Amino acid sequence: AISADLDSTNPDLSAFAKSGGKAIITIGTNDTLASPGAQLDYYQAMLDRMGRPAVDGFARLFVIPQANHGLGGTVYGIDGEGKDALELDPVFFSRLMDINVRGLLTATQSAARAMTADGAGGSVVLVASVNAFQTEKHFADYNASKGAAVLLARSLAIDLADRRIRVNALCPGYIRTPMTQP
């Protein structure tokens, strides 16, 4: 079990690494529950205890600007206009596709380059939506962007497989968040 190998107070993750565990360590710069400074101190303690080669063998560190605990924070995804397809603004449509699709591509390219630097590979999870499969009326723009995100994940999975990188799309259903409130 992972919990037997991980201890948030002990920076020696040798047992976790020895069991084949891989970690992506994310630090949000707006985290108010676990300060970014304390998280960076823990990562530095891992390096001090285990050595950079050992840590680099199983873990990657990413600092995410403006994210908070649980990686919430500034919402970078964008919802559709909520209009009939014939009323959609092509400029808004392009912006939505830039954020919801091109953003996934460029982030995955950056992550994949880091994951292939040592040949260890890794895993990428793109967040799409159930709207990729079950369309919502008056959201042709959003539905199309999430369908594109799913197909992007499938394409990237094929392209990156020989580099030992898995790519999947997570397609959550409707979740009540500030973005979905009227």
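Let me start with the largest nonpolar core: of its 16 residues, V124, L126, L152, L156, L160, I165 and V167 touch the most other members. A nonpolar core here is a set of buried Ala, Val, Leu, Ile, Met, Phe, Trp, Tyr and Cys residues joined through side-chain atoms within 4.5 Å. Buried means under 20% relative accessible area, exposed over 50%, and partly exposed in between, with a 1.4 Å probe and protein chains only. The elements giving two or more residues to this core are α5 (90-116), β3 (122-127), α6 and β4 (165-170). Its largest share, 6 residues, comes from α6. As a general point, nonpolar side chains in soluble globular proteins tend to be buried together.

This is a predicted model, in which local features need pLDDT of at least 70 and side-chain atom pairs count only at pLDDT 80 or more, while totals for chains, interfaces and linings use all residues. Residues are numbered from 1 along each chain as its sequence is written, and side-chain values use heavy atoms, with hydrogens and water left out.

V124 touches T108, M115, I165, R166, V167 and N168, not counting residues up to four places away in sequence; contact means heavy atoms within 4.5 Å. There is also a second, separate core of 10 residues, and L13, A23, M46 and V55 are among them.

Next, the overall layout. The chain has 6 helices and 4 strands, in the order α-α-β-α-α-β-α-β-α-β from the N terminus. Both kinds of element are DSSP runs numbered from the N terminus: helices are H or I with at least four residues, strands are E with at least two. Of the 182 residues in the chain, 28% are buried.

Back to α6, which spans residues 140-160 and holds N143. Is N143 buried or exposed? N143 is buried, because its relative accessible area is 8%. Leaving aside neighbours within four places in sequence, N143 is in contact with N131, A132, T135 and E136. The N143 side chain reaches the backbone oxygen of E136 at 3.0 Å.

Last, confidence. The mean pLDDT of the chain is 79, with 76% of residues at 70 or more; pLDDT is the predictor's confidence in each residue, from 0 to 100. Over residues 68-76 pLDDT stays under 50. Where pLDDT is low, the predicted coordinates should not be read in detail.

Notes
Polar contact = N/O pair within 3.5 Å; in protein donor to acceptor, adjacent residues only side chain to side chain.
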